[in-house]
Amino acid sequence: MAVKKSESRRRAPKGDKRDRTRATLLEAARAMVREKGYARTTLEAVARRAGMTTGAIYGNFKNRDELFIALGQTYWAPVKPRIKPGATLAEVMHAMAKATLEAIPERTTAAVGRLTGLAYALTTPDLRARVREITAGSYELGAEWLRTLGDERELPMPPKQLVAVIHALIEGLVLQRILTPELFPDEVFFAAFEALAHRRRDPKLNPTPITREPSAGKNTSSRNAD
């Protein structure tokens with residue numbers, strides 16, 4: 001029995017149109033950022049580029065910061081390893097290395113945008129603060145997940161530290177692989193994550209925090225000194 005077009009539209013998931021609109025806006029924003037840079041990309045210009053009204057873009061992103069964050073979350077999505085229930089920490093780290101390697105092709109096409117986005121965030125206090133807030137929330141969720149793997153004493157460091165180290169390791173390895181692939185073969189990825197599967201070090205061996213000495217010849221009495 002044929003389905004009428006009106007019936008087909010009613011049965012379609014309600015989120016479809018909104019998802020398509022958001023995806024179109026993100027593609028337009030991505031193209032504009034590549035052409036003009038972050039500083040010259042406005043919500044209104046993105047809407048025009050996508051062939052939509054300003055109401056459409058403000059209905060999806062309340063400001064430019066949220067648009068730029070959505071770009072990062074979409075085109076530089078978190079690495080998600082496939083982990084079997086009851087996996088050991090060593091197996092989890094092996095899966096993490098494998099998932100990181102699998103993410104490289106997609107991240108290679110987005111690397112320039114990622115780096116320019118980070119550079120823009122570094123010079124934009126409000127955006128930088130928002131990135132910190134989102135990252136901190138992700139770390140909290142990651143730490144909770146690490147705690148489900150078993151006894152925390154079997155981890156190489158406290159969960160809150162480990163999740164940050166894993167994130168930094170993924171970011172560094174991926175970017176170095178893209179930049180200098182011959183220096184970062186697959187074996188380096190597996191070895192790096194395997195090292196994180198070792199048990200926690202003796203707390204007595206933790207290094208003393210480094211105290212930075214003021215540079216010679218600099219006036220340290222005022223932060224505003226020339």
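Ala, Val, Leu, Ile, Met, Phe, Trp, Tyr, Cys and Pro count here as nonpolar, Asp, Glu, Lys and Arg as charged, and the others, Gly among them, as polar. On that basis, the lining of the second largest pocket has five nonpolar, one polar and six charged residues. The model is predicted.

**Second largest pocket**
- This pocket holds about 200 Å³ of space.
- Its lining includes Lys80, Arg82, Lys84, Glu91, Lys98 and Glu102.
- Pro81, Ile83, Ala87, His94, Ala95 and Ala99 are also among the lining residues.

**Largest pocket**
- The volume of the largest pocket is about 1,500 Å³.
- It is lined by 50 residues, with Trp76, Pro78, Arg114, His167 and Glu171 closest to its centre.
- Helix 6 (89–122) is one of the helices that supply at least two lining residues each.
- Helix 6 gives the most, with 14 residues.
- The lining divides into 30 nonpolar, twelve polar and eight charged residues.

**Helix 7 with helix 8**
- Helix 7 (residues 125–147) packs on helix 8 at about 115°, and their axes are 8 Å apart.
- The crossing is right-handed.
- Contact residues include Tyr139, Ala143 and Leu146 of helix 7, and Leu162, Val163 and His167 of helix 8.
- The contact has seven nonpolar, three polar and three charged residues.

**Helix 8 with helix 9**
- The axes of helix 8 (residues 159–179) and helix 9 (residues 186–195) come within 11 Å and cross at roughly 170°.
- Angles over 145 degrees count as roughly antiparallel, so helix 8 and helix 9 are roughly antiparallel to each other.
- Among the contact residues are Ile166, Leu169 and Arg177 of helix 8, and Asp186, Phe189 and Phe193 of helix 9.
- This contact has nine nonpolar, no polar and two charged residues.

Note on methods: Residues are numbered from 1 along each chain as its sequence is written. This is a predicted model: local features need pLDDT of at least 70, side-chain atom pairs count only at pLDDT 80 or more; totals for chains, interfaces and linings use all residues. Side-chain values use heavy atoms; hydrogens and water are left out. Axes are lines fitted to C-alpha atoms, for helices over the stretch in contact, and angles run from 0 to 180 degrees between N-to-C directions. Helices (H or I, at least four residues) and strands (E, at least two) are DSSP runs, numbered from the N terminus. Angles under 35 degrees count as roughly parallel, over 145 as roughly antiparallel, 65 to 115 as roughly perpendicular and the rest as oblique. Contact means heavy atoms within 4.5 Å. A crossing is left-handed if the near helix is turned anticlockwise from the far one by less than a right angle, and right-handed if clockwise. On a 1 Å grid over the protein atoms alone, a cavity is a set of points where a 1.4 Å probe fits but cannot get out, and a pocket is an open set with protein on both sides within 12 Å along at least five of seven lines; lining residues have an atom within 4 Å of a point. Grid points are joined across faces, edges and corners, and a volume is the space filled by probe spheres set on the points.
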